[in-house]
Amino acid sequence: MLDFLGNLERTHYCGALRASDEARDAIVMGWVSGRRDLGNLLFLDIRDRTGIVQAVFNKESQPAAHAKAEQARGEFVVAVEGKVIKRQKANPEIATGEVELIATKLHILNNAKTPPFPIEEEINAAEETRLRYRYLDLRRPKSHGNLALRHKIVLEIRKTMDELGFLEIETPMLTRSTPEGARDYLVPSRVHHGQFYALPQSPQIFKQILMIGGLDRYFQIVKCFRDEDLRADRQPEFTQLDVEMSFPRQEDIFHVIETVMVRACAVAGVKTQGSFPHMLYKDAIRKYGSDKPDLRFGMELHEVTDCFPEEAKAKLGIEGGLFALAAPGAAGYSRKQLDELTEKAKSNGARGAYFVKLSPEGTTSTVEKLIGAENVKKLADACGAKTGDLVVAASAKQQIKGTEAAALVAGQLRLQLGEALGLIDRKQWKFLWITGFPLFEWSENDKTWVSAQHPFTGIVDEDLEKLESKPWEVRSKGYDLVLNGNELGSGSIRIHRQDIQERLFRALGLSEEQLRRRFGFFLDALTYGTPPHGGIALGIDRIAMLLAGEKSLREVIAFPKTAKAQDLMAESPSEVDKDQLDQLGIAIREVAKEKDST
């Protein structure tokens, strides 16, 4: 027989009881986390989101309570009345380990089936099982801790933005489709037959309109949606800190975000200082082979194209440049390990990987016969290699970006070797601003130049004259914030003049009709006195993930979706009734699957 809660009132959270509460009467409520029956004494661990406390049921002094406790099983929902006493032997493993609750009464408020996995800090259950039973996975202390930390981070961000004079303003969730790169999630309108809303990929246009409206400093903790192709650890809906300012210098935006991040990190016990270093995009690519370099370890890249004679490059099938690095202490790598590095490099787009070992017994190289001993020495010297080091050089299959492609391949090898050699200091927190991005990037699929960021990104003033004639040379006023090799967010000083905005749209190949249909209202707004403005958007999910020490975004999101954009618990997406489709004028038809281009 289950009990009713009635007027019973909780006096303490389970994890809040301490030695200072000795001799107090207490009522705790939660789930049965553990059960130990020693005959006359029965112990129940009671868990809530704050922690666990041990309740003791004595058959001799409280026979009714003890008899009731014998019915309790794991994950039963209970309320326990009793008196707090000090334990004879403290348990240092839990925060309440100095005390226990001598139970006088037990209320069983609900029973529970046996869970498909144990509700413990660390579990071995498959992620699919955890997501299908997310309500059980959420009971784990780690899940509670991650979501509580996320709450504190967001709260501190809101406090900081308020103190800096920003207003939190909500922007629409139902808006028009203005593609920004990924596909929109479309919402059919029942009232306006044949027309659709779109869920926002970002509040980009609306926050710029807020600047036109004179709001000056805006922020929002906002949900965004992108119907992207399946990618590891990406969510179709995500949360970001969205920021926009009027009349800013780039440094003003940097100062705001640095202040926010320093305070958000402090909430997680991470000490860092503002004035994050800056690095040009081109330098990040050439030194680290990445536009989001991990600065917790060195091992910089070096261009070594001139170490490979043309005849050698022809035999190796190398059409572009080569980049190399010196892996400290890796000269002892076996042939098997070198083959694994080569395969990894090829999976990341490499034409090949080439090695030089500087062992104490002498220098050997996999390409010495092709490039000669002199060039092998030149290659090692170019990387600053020392005895005991392994030099790794790489070339790329595609050379669309000139030597940049080889740098990107070598950058992946740098990360792999940094991890394998234990060079990454997990206690460091290395922030970095990346600036000087190109405005356009070449799309091999479309055979044209497309926006490297979004089409509202400002253009470096002196590059405006190249917009139509040499788009590949045009630099943007964009910037990224990077932490430990992870991109936290992107932003830019925006285009605030209609004439320049129209020029950029036309450089992207948009016709007048497309301009009016997609962005007409925004172009009109730009003609009514738009101030210079700029901003940024930071990923809250990723910030919380890094500060929680997790490797997956799903660990800091209450109800995440799988890599296939499915909610296994709620079984969505799902089919809907035909009546609903008929009201919307929608018919479902089969869509031919795209053939694998490979």
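Two strands count as paired if DSSP finds at least two bridges between them, and strands (E, at least two residues) and helices (H or I, at least four) are DSSP runs numbered from the N terminus. Here are some places to look, in a predicted model where local features need pLDDT of at least 70, side-chain atom pairs count only at pLDDT 80 or more, and totals for chains, interfaces and linings use all residues. Residues are numbered from 1 along each chain as its sequence is written, and side-chain values use heavy atoms, with hydrogens and water left out.

1. Start with strand β1 (residues 25-37). It runs antiparallel to strand β4 (residues 77-86), and 7 bridges join the two. Look for Val28, which stands opposite Val80 in β4.

2. β1 also pairs with strand β2 (residues 41-48), again in the antiparallel sense, over 6 bridges. Here Arg36 has Phe43 of β2 as its bridge partner. The hairpin of β1 and β2 has 3 residues between the strands, and Gly39 takes a positive phi near 90° there.

3. Next, find helix α4 (residues 141-163) and follow it to α6. The two pack at an angle of about 145°, with their axes 9 Å apart; axes are lines fitted to C-alpha atoms, for helices over the stretch in contact, and angles run from 0 to 180 degrees between N-to-C directions. The contact (heavy atoms within 4.5 Å) involves residues of α4 including Leu149, Ile153 and Ile157, and residues of α6 including Val256, Val260 and Val267. By class, the contact residues divide into 8 nonpolar, 2 polar and 5 charged, where Ala, Val, Leu, Ile, Met, Phe, Trp, Tyr, Cys and Pro count as nonpolar, Asp, Glu, Lys and Arg as charged, and the others, Gly among them, as polar.

4. Arg249 sits in the loop between β10 (237-246) and α6 (250-267). Is Arg249 buried or exposed? It is exposed, because its relative accessible area is 53% (exposed means over 50%, buried under 20%, partly exposed in between, with a 1.4 Å probe and protein chains only). Arg249 and His533 are 284 residues apart in sequence, yet their C-alpha atoms are 8.6 Å apart in space.

5. Finally, visit Ser290, in the loop between α7 (281-288) and β12 (302-303). Ser290 has 16% relative accessibility, so it counts as buried. Its side chain reaches the backbone nitrogen of Lys292 at 2.9 Å. Leaving aside neighbours within four places in sequence, Ser290 is in contact with Ala284, Ile285 and Leu408.

Conventions: Polar contact = N/O pair within 3.5 Å; in protein donor to acceptor, adjacent residues only side chain to side chain.
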